[in-house]
Amino acid sequence: MALKSQAATRAALDGMNALANGGTLVLYSGAVPGTADAAAGTTIVTINLEATAFSSATGTTTATASLSIGGGKSGTTVAALDPDYYRILSSGAVPVHQGTAGAGGDLDFDVDTGWELGATVTVTSLTVSLPVA
């Protein structure tokens, strides 16, 4: 099995996150797909990302990078559903990665449940990680 160095893991995460620059963060309701390339569930909200979407990766045992929130990223719900997962899409709408959303998930909001149609939802944190192994 091939092993990565700390520097290689951080570079891999930075490369993956660079694909998100100028893309979107989309929140979905439904069963979490096995891969980010599989068909998605019901879209709840779409949030536009900055030209530089994530901070540079840091870490020694796990490379981590945080979404550049800069005053909060928010969007308006198009469905009255609670989120189960999110996907980060490139500016060309190609899936980059996905993770869990809501209370106890990878992605946190100002309100985790009880989303209503037309409500404004604000992201409070999202950290993406890759293990060094």
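1. Let's start with the nonpolar core, meaning a set of buried Ala, Val, Leu, Ile, Met, Phe, Trp, Tyr and Cys residues joined through side-chain atoms within 4.5 Å. The largest one here has 24 residues, and L25, L27, Y86, I88, L107 and F109 have the most contacts inside it. At least two residues of this core come from each of strand 1 (24–29), strand 2 (42–48), strand 3 (62–66), strand 5 (85–89), strand 7 (107–109) and strand 8 (120–131). Strand 8 gives the largest share, four residues. In soluble globular proteins, nonpolar side chains tend to be buried together.

2. Please keep in mind that this is a predicted model, where local features need pLDDT of at least 70 and side-chain atom pairs count only at pLDDT 80 or more, while totals for chains, interfaces and linings use all residues. Residues are numbered from 1 along each chain as its sequence is written, and side-chain values use heavy atoms, leaving out hydrogens and water.

3. Now a look at L107. Apart from neighbours within four places in sequence, its contacts (heavy atoms within 4.5 Å) include L25, L27, Y86, T100 and V123.

4. T24 lies in strand 1; strands are DSSP runs of E, at least two residues, and helices are runs of H or I, at least four, numbered from the N terminus. T24 is buried, at 16% relative accessible area; buried means under 20%, exposed over 50% and partly exposed in between (1.4 Å probe, protein chains only). Beyond residues up to four places away in sequence, T24 touches T46, I47, N48, L49, R87, I88 and L89.

5. Finally, helix 1 (residues 6–18) has T9, L13 and N17 as its buried residues. They sit on the same side of helix 1 because they cover an arc of only 70 degrees around the axis, taken from the directions from the helix axis to the C-beta atoms.
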